[in-house]
Amino acid sequence: MQAELLWDCDNRLGEGAVWNAVDASLYFVDIDGREVLAFTPASGVRRRWAMPQTVGWLIQRAAGGWLAGFQQGVAALTLAPEIRFELLHRLHDEGSPMRLNDARVDAAGRLWFGTMNGVDLDRPDGKFFCCAGTGAPKEMEAGYRVPNGPTFSPDGRTLYHTDSSARTIYAFNVSEGGELSKKRIYAVFNRFEGSPDGMTTDASGNLWVAHWDGSRVTQRDPLSGRVLRTIVVPAPRVTNVAFGGANLTDLFITTARSGMSDAALAQSPSAGGLFVARDVGQGRLP
C-alpha cells in the first residue's frame, strides 16, 4: 500500500502529528521552519502559525489550548484567536543547542518527552523526562542522541521509546506511579530500513513506526516487533504518524526535506509533505 499526498506543505522537518477531535483536524509542526500547521480533511482547510522558537510537539489540554515543546522548554500555547505563548518549565537557555523533541501523554495525564542536541546529533546530550500535573519535569533517562516516538500500550503498562541515532526502539515497564523498569530492546533497524522515528499505538496495541530515510511506515507486533504491514511513503524522511479522521482509521504521516540534496529532492519532490494512508487500522484518541 502507498500513502497519498494530502498537502505539499514543504516542511523542513515535519513532526508532532496529533488528531484534534474538537475541530476534526490534524495538527503538526515544522521544527526547523518554526511553524504549527493544521489540516481539516472534511473541508480541505489548511492553516499555519509562525512560532517564536523551534517547536517539536503539541499536546491537547483538557482546559483548551495546547502544551508545546519548544527549544527552551514546555510552554502553554494558544493559537486562536491570537497566538499566546507562556513558558511553564524552562529547561534550556536561549541560544542553547538543546531543544525538545517528541512527546506523549499517558492515560494518567503524565507528559513524557525527550530533549536533544539540535546542533550536533552525534552528542549523547539528550534526556527523557516525565512531568506529572503542575510539577517540574523529572529526568527518567539520559544518554540519548535523538529521542523519539514515545508511545504506550493500550493498558498503559508498557512504554516504547526510541533513540533514532542508535536505530533502536526500547520498551519499558511502567508502574502506576510512573516509574520505569525492565528496559529492553524492542526492535533494531538495519541500514536499509532507515531509523525509527515517531510512533503511535493502535487500539489493538500494534505499533506504527515512521522510518527516517526508509520511505515507509511499518505496523509491528507489540510483543515481538515483527513487521505486520508496510505502507510505502513517496518521501524518504518519514517522521511521525497519528490516527485520525471520522472513525480514527486513517493514518496521517509527516515527512521532512531537511538535509536532502537537490538531486534527492528532484527524485522525491513531495518530501516535507503531509500524507495519509486510509482505512489501515483502528486508532485511539490521545
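Modeller: Lys183 is partly exposed, its relative accessible area being 41%; buried is under 20%, exposed over 50% and partly exposed in between, with a 1.4 Å probe and protein chains only. This is a predicted model, in which local features need pLDDT of at least 70, side-chain atom pairs count only at pLDDT 80 or more, and totals for chains, interfaces and linings use all residues. Residues are numbered from 1 along each chain as its sequence is written, and side-chain values use heavy atoms, with hydrogens and water left out.

Lys183 belongs to strand S17, residues 180-188 (strands are DSSP runs of E, at least two residues, numbered from the N terminus). Leaving aside residues up to four places away in sequence, Lys183 touches Glu141, Tyr144, Tyr170, Ala171 and Phe172 (heavy atoms within 4.5 Å). With Tyr170 there is a further relation: Lys183 lies over the face of that ring, 4.3 Å from its centre (NZ of Lys or CZ of Arg within 6 Å of the ring centre and within 35 degrees of the ring normal). Leu159 is 24 residues from Lys183 along the chain, and their C-alpha atoms are 9.5 Å apart.

Lys182 also lies in S17. Its phi is near 55°, a positive value in a residue other than glycine, and Lys182 is exposed at 62% relative accessible area. Ala24, likewise not a glycine, has a positive phi of about 50°; Ala24 sits in the loop between S2 and strand S3 (25-30) and is partly exposed at 35%. Another backbone feature is the cis peptide bond from Ala80 to Pro81, with omega near 5°. Pro81 is in the loop between strand S8 (73-78) and S9.

The structure has 13 aromatic pairs (ring centres of Phe, Tyr or the six-membered ring of Trp within 6.5 Å; planes under 30 degrees apart are stacked, over 60 edge-to-face, the rest tilted). Phe70 and Phe85 have ring centres 4.7 Å apart and planes at 85°, so the pair is edge-to-face. Phe70 is in strand S7 (residues 66-70) and Phe85 in strand S9 (residues 84-90), so the pair ties together parts 15 residues apart in sequence. Phe70 is buried at 0% relative accessible area, whereas Phe85 is partly exposed at 32%.

S7 and S9 are among the elements that give two or more residues to the lining of the largest pocket. That pocket holds about 1,100 Å³ of space. A pocket is an open set of points on a 1 Å grid where a 1.4 Å probe fits, with protein on both sides within 12 Å along at least five of seven lines, and lining residues have an atom within 4 Å of a point; volume is the space filled by probe spheres on points joined across faces, edges and corners. The lining has 43 residues, and Ile59, Gln60, Arg61, Val105 and Pro286 are the closest to the centre. S2 gives the most, five residues. The second largest pocket has about 430 Å³ of space. Of its 20 lining residues, Met116, Leu121, Val146, Asp197 and Trp212 are the closest to the centre. S10, S18 and S22 each give two or more residues to that lining.

Technical notes. Helix = DSSP H or I, 4+ residues; strand = E, 2+ residues; numbered from the N terminus.
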